[in-house]
Amino acid sequence: MTEVSLAGAHVLVVGGAGFVGSNLVRALLEHGPERIVVVDNLLSSERENVPDDPAVSLIEGSITDDATLERLPHDLDVVFQLATYHGNQSSMVDPLADHEHNTLSTLRLYEALKDLTSLDRVVYASAGCTVAEKTFDGAEATTEDAPVSLWLDSPYQISKIIGEYYSNYYFSRHGLPTVKARFQNVYGPGEVLGAGRWRGTVNTVWRNVVPTFIYKALHHEALPVENGGIATRDFIYVGDMAQGLIACATRGEPGGVYNLASGAETSIRSLAELINELTDNPTPIALTPARDWDHSGQRYGATDKARSEIGFSAATSLREGLERTIAWTRENLDWIERCIAKHSQRMQELRAA
């Protein structure tokens, strides 16, 4: 298969102002594209994340809106669909919003793209939790051909697998060159707690474990570890994730699916202990009850297919990635705290209710 070149390419990144999207845009710029168009409604992101570069332009709006779709270029070479309603717990609070920002965003985008003849690849951001086995009894690496359960834990997981179904449909019916990238748990610089608008739950701020633990550890607070910390995840550094997405776009087989994973299984307790060590947090871990909705408590992704077919392997160890992320968080605490403060009043009202 001929490798797709990004030099001189016209690229669209939907969700490109977000944590992963903005890191991806920076990585793409190193390949010399002629143009990168970012579409983002800033629901869970900040305008400041978009790189200040003459090749990059921002369309502020939802990809589900006609006005936004009409502004898309018609000479696109590569598209990344990263739009999402972040994440499991927010989707359970508002399934309709999840449907709009996850399921409908992919369907509207594919309808707009299906007749473009210039496209080389459309990379869809899926989620490894959609296919992971529902277990707390010891995980095996989840492969790309793992069966999909009909009993998923959240609207977020449902919408992500529906996006894969639409990717398959538009590839087989219209020849849209979709490549599905299954994310594991991404962490790293650029993930701003409280970024974007309030979405009805405290998880608007405390929405991912790594930035939450780092922020609390830097403030010498107890890290809340649920269910004894026996849950496990596959943590992948955002710089590696960006390279994995580029590998999907340049070397991925249309119609194919690839895990973007580190392949390393880490318990949440081990994660908390390592973050406390790296931040010199003297406060002991606080054990809290298990989450009653999370049945895929232990999981990590298989890496063989991505390594052999698209040449992708995560290069950053968890310790190294956390050290970089902690340093970035220290440097950007003022920005992070301004974003958290936007939602503090609403959070206080919810606690009092």
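**Close-up views of a predicted model**

**View 1. Strand β2 and its pairing with β1 in the predicted model.** Strand β2, which spans residues 35-40, is mostly covered, with five of its six residues buried. Its pairing with β1 is in the parallel sense and extends over five bridges; within this pairing, Val14 stands opposite Val39 of β2.

**View 2. The open sheet of seven strands.** The strands follow the order β3-β2-β1-β4-β5-β6-β11, and their pairing is parallel. Because β3 (56-60) and β11 (257-260) stand at the edges and have a single partner strand each, one side of each is left without a neighbour in the sheet. Between neighbouring strands of this sheet the average turn is 20°, when direction is ignored.

**View 3. Strands β1 and β4, with helix α4 packed on the sheet.** Strand β1 (residues 10-14) runs parallel to strand β4 (residues 78-81), and the two are joined by four bridges; the bridge partner of Leu12 in β4 is Val79. Helix α4 (residues 95-113) packs on the sheet, where it touches β1, β4, β5 (121-127) and β6 (178-183), and the direction of α4 makes about 165° with that of β4.

**View 4. Strand β5 between its partners β4 and β6.** All of β5 is covered, seven of its seven residues being buried, so the strand is largely enclosed by the rest of the structure. Arg121, Val123, Ala125 and Ala127 point one way from β5, whereas Val122, Tyr124 and Ser126 point the other way, and the residues of both groups are all buried. On one side, β5 runs parallel to β4 and is joined to it by four bridges, with Val78 standing opposite Arg121 of β5. The pairing of β5 with β6 is likewise parallel and comprises six bridges; here Ala125 stands opposite Ala181 of β6.

**View 5. The crossing of helices α1 and α7.** The axes of α1 (residues 19-29) and α7 (residues 238-251) come within 9 Å of each other and cross at roughly 65°, which means that α1 is roughly perpendicular to α7. The crossing in which α1 passes α7 is right-handed. From α1, the contact is made by Phe19, Val20, Asn23, Leu24, Ala27 and Leu28, and from α7 by Val238, Met241, Ala242, Gln243, Leu245 and Ile246. Of the residues in this contact, ten are nonpolar and two are polar, while none is charged.

Methods:
Residues are numbered from 1 along each chain as its sequence is written. This is a predicted model: local features need pLDDT of at least 70, side-chain atom pairs count only at pLDDT 80 or more; totals for chains, interfaces and linings use all residues. Side-chain values use heavy atoms; hydrogens and water are left out. Two strands pair if DSSP finds at least two bridges between them. Axes are lines fitted to C-alpha atoms, for helices over the stretch in contact, and angles run from 0 to 180 degrees between N-to-C directions. Contact means heavy atoms within 4.5 Å. Angles under 35 degrees count as roughly parallel, over 145 as roughly antiparallel, 65 to 115 as roughly perpendicular and the rest as oblique. A crossing is left-handed if the near helix is turned anticlockwise from the far one by less than a right angle, and right-handed if clockwise. Ala, Val, Leu, Ile, Met, Phe, Trp, Tyr, Cys and Pro count as nonpolar, Asp, Glu, Lys and Arg as charged, and the others, Gly among them, as polar. Buried means under 20% relative accessible area, exposed over 50%, partly exposed in between (1.4 Å probe, protein chains only).
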